[in-house]
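Below is a short note on a few local features that may be worth checking by eye. Please read it with the coordinates open.

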Amino acid sequence: MTVTAPAAPAPPAVTAPPPVRLRDQLTTFRAVLWRDVFVTSRELGGFMAQVFLQPLFMLLIFGKVLKDLGYASDDFANVLLPGVIALNAFLIGLENTALPMVMDFSFTREIEDRLLSPMAIPLVAFEKIVFGAIRGLVAGLVLIPVGMLILGVTWPLSTLLPVIGVLAAGALVGAALGLTFGTLVPPHRIQIMFTVTLTPLMFTGATQFPLRALDSLPWFQVVCALNPLTYVSEATRSLVAPPGVQSVPLWLDLVVLAGVFVVFTAVGIRGFMRRAMD
């Protein structure tokens, strides 16, 4: 009589961990964003130096010194101030998104703690855009009273909320470009990228002149029309400049900025996911 050994119990089925609910991911998103904002408050001195140094010299030289010397008209301040404020919001948003990307994806892989959080990778990338945009918006807003004081310009109080909205849109677009640059450009070439791109962005972004004033220079008008910063400058100028200053219609500015934001956000998130998976 043969005795058969009892069959070995089947191994327990391996089940995938339950997906993190969207509500929990958004809670994590807010916590990570708050942490970044808190870190900025502890580095306030360096942030303020980054915000004020370059635009203050632009306002002082182009808006004050040249006017006092007779090389610029009194009305030039109404054109210059909205452009410089838009430039500040856009560039600070770009720089404060692109440069941290280089640090996060360097050999130290500081991004790992965020990738391990209960949050989808695209949401991690979008948090970077939002945080960069917050810094850009702050950079634009704090420059408004300082620029008014330097140039002697006043804006109607009713324009404050629309200007905040336009600067927020410009900062978001700048941050989306920053995410794209920071994830697609190799870390050892990021300084070259900034050297090559920032100066053309600054001087073809209609910050010192209205786009529609370039009718006699159609080739340069086309170049400026390809720069997304142009539409931040023109949108801000259309809200606060006197009626004599012709600007691109606000609705067209916002449509262009929305399209640029969607495209570069998609490209930047895709680049972020590729770098995260390496």
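Predicted model: local features only at pLDDT ≥ 70, side-chain atom pairs only at ≥ 80, totals over all residues.

1. Packing of α3 and α5. Helix α3 covers residues 76-104 and helix α5 covers residues 121-151. Their axes lie 8 Å apart, and the angle between them is about 150°. Angles over 145 degrees count as roughly antiparallel, so α3 is roughly antiparallel to α5. The crossing of α3 past α5 is right-handed.

2. Residues at that contact. On the α3 side the contact is made by A77, L81, V84, I85, N88, A89, I92, G93, N96, T97, M101 and D104. On the α5 side, the residues are K128, G132, R135, G136, A139, G140, L143, I144, G147, M148 and L151. Sorted by class, the contact of α3 with α5 has twelve nonpolar, eight polar and three charged residues.

3. N96. Which residues does N96 touch, leaving aside its neighbours within four places in sequence? They are Q50, G132 and R135. G132 and R135 are among the α5 residues that make the contact with α3, and N96 itself sits in helix α3. With a relative accessible area of 9%, N96 is buried, because the cut-off for that class is under 20%. Its side chain has two polar contacts to look at: the side chain of N96 reaches the backbone oxygen of I92 at 2.8 Å, and a polar contact of 3.0 Å joins the side chains of N96 and R135.

4. A206. This residue lies in the loop between α7 (190-203) and α8 (218-225). Most residues other than glycine have a negative phi. Is A206 buried or exposed? At 0% relative accessibility, A206 counts as buried.

5. Helix α9. This helix runs over residues 228-240. Eleven of its 13 residues are buried, so α9 is largely enclosed by the rest of the structure. The buried residues are P228, L229, T230, Y231, V232, S233, E234, A235, T236, R237 and V240. What covers them includes α3, α6 (160-184), α7, α8 and α10 (250-277); α3 is also the helix that packs with α5.

6. The start of α9. N227 caps the N-terminal end of this helix. A side-chain oxygen of N227 lies 3.0 Å from the backbone nitrogen of L229, and L229 is one of the buried residues of α9.

Methods. Residues numbered from 1 in each chain as written. Heavy atoms only, no water. Axes fitted to C-alpha atoms, helices over the stretch in contact; angles between N-to-C directions. Helix = DSSP H or I, 4+ residues; strand = E, 2+ residues; numbered from the N terminus. Parallel < 35°, antiparallel > 145°, perpendicular 65-115°, else oblique. Left-handed = near helix turned anticlockwise from the far one by under 90°. Contact = heavy atoms within 4.5 Å. Nonpolar A, V, L, I, M, F, W, Y, C, P; charged D, E, K, R; others polar. Buried < 20%, exposed > 50% of the residue type's maximum accessible area, 1.4 Å probe, protein only. Polar contact = N/O pair within 3.5 Å; in protein donor to acceptor, adjacent residues only side chain to side chain.
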